[in-house]
There are 2 protein chains.
Amino acid sequence: MKRRSTPAQQAILNMLKAADSALSQDMIEQQLKGETDRVTIYRVLNRFCEDGLAHRITSDEGKFYFALCKNCQQQHHTHDHFHFRCLSCQKVECLEEKVKVSLPLGYSAANVNCWVSGYCANCSA
Amino acid sequence: MKRRSTPAQQAILNMLKAADSALSQDMIEQQLKGETDRVTIYRVLNRFCEDGLAHRITSDEGKFYFALCKNCQQQHHTHDHFHFRCLSCQKVECLEEKVKVSLPLGYSAANVNCWVSGYCANCSA
DNA sequence: TTTATTATTGCAACATTGTTGCAATAAGAG
DNA sequence: CTCTTATTGCAACAATGTTGCAATAATAAA
Ligand SMILES: [Zn+2]
Ligand SMILES: [Zn+2]
Ligand SMILES: [Zn+2]
Ligand SMILES: [Zn+2]
């Protein structure tokens with residue numbers, strides 16, 4: 001299935017690049033001022049994930065955020081970094097810090113979803 | 001506000017003790033076979049959290065799980081441990097392992113919500 | 001340029017999860 | 001036993017995410 005370049009897809013990709021942070025569907029819908037349907041936004045974001053352009057994380061609020069992949073290889077994706085959500089400015093960031101966890105004997109890990117919420121440098125000041 | 005002991009409250013508390021793992025509202029509703037209303041289950045669970053008996057965590061599926069507090073002081077609660085969700089048997093556990101993360105300069109942490117999903121010892125075998 | 005193919009979109013409908021308001025019920029004190 | 005009010009059940013709602021389907025439009029082919 002070959003991808004097509006569309007206004008919605010471009011706008012959302014640009015937003016993700018410009019934001020340099022993770023965005024949720026509702027954040028994108030707001031910035032797009034309702035020009036694009038909710039469903040389309042979800043579909044575009046999911047497509048980015050399928051294509052290895054972005055990754056999806058479930059926040060501690062229980063909703064999805066999407067962020068462009070930075071340090072992933074084209075083939076090999078690893079999203080085992082911490083995510084930070086600022087309780088004041090709402091910004092969500094992928095942190096450099098990798099998650100290190102040793103599981104009990106016999107356990108195996110398939111995926112990791114780690115969040116820290118608090119106040120970012122701007123909002124702490 | 002003084003608490004009262006009710007069948008629903010007791011049943012749910014016993015389930016949490018017996019399970020020795022974290023449960024979600026729908027798991028509890030199933031085991032209770034619809035004898036108790038959804039809303040009541042949520043309210044009982046939230047009450048446990050208010051009373052410092054349990055803690056609530058948001059899973060990587062985006063829904064809430066509730067687990068009895070084990071290593072919390074009566075006054076001082078710390079829920080900075082990892083949680084594990086088995087993709088096969090659905091069991092959710094509080095792990096002993098504490099979350100260790102160093103934030104960028106100027107950032108401050110208020111809360112932590114860390115999940116590993118994969119296969120538990122039983123299901124890996 | 002024009003036409004044909006089909007990826008993408010918008011809309012309605014639905015599923016799941018969690019909360020709130022309010023009247024009815026029942027736990028526990030006196 | 002009676003009274004107070006914490007707790008429950010039910011209806012209604014909000015938020016988030018998905019699916020089906022017909023209409024639209026990006027791209028390739030003619
Ligand atoms: Zn990636
Ligand atoms: Zn990330
Ligand atoms: Zn606790
Ligand atoms: Zn826990």
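These notebook entries record what I looked up in a predicted model.

**Entry 1: zinc site in chain A**

I began with the zinc ion (ligand 1) and listed its donors. They are Cys69(A) through SG, Cys72(A) through SG, His77(A) through ND1 and His79(A) through NE2, at 2.0 to 2.3 Å. Along the sequence I read the spacing of these donor residues as C-x2-C-x4-H-x1-H. I then looked up the geometry. The four donor atoms subtend angles of 102 to 118 degrees, and the arrangement is therefore tetrahedral.

His77(A), with a relative accessible area of 26%, is partly exposed.

**Entry 2: zinc site in chain B**

I recorded His77(B) as partly exposed, at 25% relative accessibility.

**Entry 3: interface of chain A and chain B**

How many residues does the contact take from chain A and from chain B? I found 35 residues from chain A and 35 residues from chain B. The two chains bury about 2,500 Å² between them, with 57% of that area on carbon and sulfur atoms. I looked for salt bridges across this interface and the rule finds zero. Polar contacts, by contrast, join 16 residue pairs across the interface, both residues being at pLDDT 80 or more.

I then asked which elements of chain A give two or more residues to the side that touches chain B. They are β3 (81–86), β4 (92–98), β5 (108–119) and α4 (121–124) of chain A. The largest share of that side comes from β5(A), with twelve residues.

I followed several of them in chain A.

Asp51(A) and Arg3(A) meet through their side chains in a salt bridge, at 3.0 Å from N to O. Asp51(A) is in the loop between α3 (38–50) and β1 (54–58) of chain A, whereas Arg3(A) is in the segment before α1 (7–19), so the pair ties together parts 48 residues apart in sequence. Asp51(A) is partly exposed at 43% relative accessibility, and Arg3(A) is partly exposed with a relative accessible area of 36%.

Lys70(A) forms a salt bridge with Asp20(A), and their closest N and O atoms are 3.2 Å apart. This pair links distant parts of the chain, 50 residues apart: Lys70(A) is in the loop between β2 (64–68) and β3 of chain A, and Asp20(A) is in the loop between α1 and α2 (25–31) of chain A. I recorded Lys70(A) as exposed, with a relative accessible area of 63%, and Asp20(A) as partly exposed, with 49%.

Asp80(A) and Lys98(A) also meet in a side-chain salt bridge, at 3.2 Å from N to O. Asp80(A) lies in the loop between β2 and β3 of chain A and Lys98(A) in strand β4 of chain A, so parts 18 residues apart in sequence are tied together. Asp80(A) is partly exposed at 25% relative accessibility, as is Lys98(A) with a relative accessible area of 41%. Finally, I noted that salt bridges with shared partners join Arg3(A), Glu50(A) and Asp51(A) into one network.

Note on methods. Residues numbered from 1 in each chain as written. Chains lettered and ligands numbered in written order. Predicted model: local features only at pLDDT ≥ 70, side-chain atom pairs only at ≥ 80, totals over all residues. Heavy atoms only, no water. Donors = N, O, S within 2.8 Å, 3.2 Å for Na, K, Ca; no water. Tetrahedral: all angles 85-135°; square planar, octahedral: opposite > 155°, others 65-115°. Buried < 20%, exposed > 50% of the residue type's maximum accessible area, 1.4 Å probe, protein only. Contact = heavy atoms within 4.5 Å. Buried area = accessible area lost by both parts, 1.4 Å probe. Salt bridge = Lys/Arg side-chain N within 4 Å of Asp/Glu carboxyl O. Polar contact = N/O pair within 3.5 Å; in protein donor to acceptor, adjacent residues only side chain to side chain. Helix = DSSP H or I, 4+ residues; strand = E, 2+ residues; numbered from the N terminus.
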